[in-house]
Amino acid sequence: MLIKQTRVSRRGRKPSAPSLKLRRSPLQARSAETMAVILEASTQILETRGLAAFNTNAVAERAGVSVGSLYQYFPGKEAILAALHRRYEERLLHAVTSSLTATQGKELSARIPALVNALIDAHMFSPALHRILESEESRISAEGEAVNSIGSAVHKSVVRMLGEHKVRIPGVSIPEAAEDLSRIARALIDAALANDTGVVTTRHRRRIARALLAYLRAD
């Protein structure tokens, strides 16, 4: 009886969540190059063959490294996805900060379209990969601290821009307006990208910018 209960208990245990953190950070140029090759191979597999074909053996083969070398950096494929997600977020932060810096001192009517273009270009870097990362976001963003800090930096950049222009929306604080702006932009950009070509036309870019400006001018 006790043995039977023990077996049931073991079956009832939830499997531990896969680790999303790097086993080691690349401190030397050679290590950084190996990691970059692994991430590039992962990107190629995800873009051309999809998530179903994505595993550590396939990545190691495509990268031209041993599976053992891959495991020196990544505990599993989930950690690779998390690293790709973090790299995407870093690219997004760079796009946002570069756009806001380049347009500083200009009117919102010029800054918002420039910001929209920067966001779209960051999304279009690899549309197929971006869609996969978004579908897996609930699992891989739990890796969390690094990605959350990047998201916080993006949010603070938009808050700073709105503060510079003294944006006032009744009943909405500037941080809330920045969050709303990000959510609206993301939804509209995702919708614009949801086509066979994966291209966002100039017309779509203008429509997204107009929608964001209309929100900011609400009274």
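A salt bridge is counted here when a side-chain nitrogen of Lys or Arg is within 4 Å of a carboxyl oxygen of Asp or Glu. Arg-186 and Asp-190 meet this rule, with their closest N and O atoms 3.9 Å apart. The model is predicted: local features need pLDDT of at least 70, side-chain atom pairs count only at pLDDT 80 or more, and totals for chains, interfaces and linings use all residues. Residues are numbered from 1 along each chain as its sequence is written, and side-chain values use heavy atoms, with hydrogens and water left out.

## Overall make-up

The chain contains 11 helices and zero strands. Helices (H or I, at least four residues) and strands (E, at least two) are DSSP runs numbered from the N terminus. In sequence order the pattern reads α-α-α-α-α-α-α-α-α-α-α. Of the 219 residues in the chain, 38% count as buried. Buried means under 20% relative accessible area, exposed means over 50%, and partly exposed lies in between (1.4 Å probe, protein chains only).

## Salt bridges

Side chains of opposite charge can pair when their charged atoms come close.

| Pair | Closest N to O distance |
|---|---|
| Glu-164 and Arg-111 | 2.9 Å |

Glu-164 forms its salt bridge with Arg-111. This pair links distant parts of the chain, with Glu-164 in helix α9 and Arg-111 in helix α6 (residues 108–123), 53 residues apart. Glu-164, at 37% relative accessibility, is partly exposed.

Glu-179 and Arg-183 both belong to helix α10, and because they are four residues apart there, about one helical turn separates them. Glu-179 is partly exposed at 38% relative accessibility, whereas Arg-183 is exposed, with a relative accessible area of 56%.

Helix α10 also holds Arg-186 and Asp-190, again four residues apart, about one turn of the helix. Arg-186 counts as partly exposed at 37% relative accessibility, and Asp-190 is partly exposed with a relative accessible area of 23%. Salt bridges that share partners join Arg-186 and Asp-190 with Glu-134 in one network.

## Charge on the surface

Which residues gather in a patch of positive charge on the surface? They are Arg-203, Arg-206, Arg-207 and Arg-210. For such patches, residues must have over 30% relative accessible area and no salt bridge; like charges are joined within 9 Å, and nonpolar side chains (Val, Leu, Ile, Met, Phe, Trp, Tyr) within 5 Å. Lys and Arg count as positive and Asp and Glu as negative, while His and the chain ends are not counted. The place of a charge is taken as NZ of Lys, CZ of Arg, CG of Asp or CD of Glu. Accessible areas come from the Shrake-Rupley method with a 1.4 Å probe, and for residues only the protein chains shown count as cover. Arg-203 sits in helix α11 (residues 202–216) and is exposed, with a relative accessible area of 56%.

## Other individual residues

Thr-43 is part of helix α2 (residues 29–49). At 5% relative accessibility, Thr-43 is buried. Its side chain makes a polar contact of 3.3 Å with the side chain of Arg-87. A polar contact is a pair of N or O atoms within 3.5 Å; within protein, one must be able to donate a hydrogen and the other to accept it, and residues adjacent in sequence count only if both atoms are side-chain atoms.

Lys-166 lies in the loop between α9 (145–164) and α10 (174–193). Most residues other than glycine have a negative phi. Lys-166, although not a glycine, has a positive phi of about 50 degrees. Lys-166 is exposed, with a relative accessible area of 60%.

Ser-98 belongs to helix α5 (residues 77–102) and is partly exposed, with a relative accessible area of 31%. Ser-98 and Ala-118 are 20 residues apart along the chain, and their C-alpha atoms are separated by 8.4 Å.

Glu-61, in helix α3 (residues 56–63), is exposed, with a relative accessible area of 68%. From Glu-61 to Ile-38 the C-alpha to C-alpha distance is 9.6 Å, and the two are 23 residues apart in sequence.
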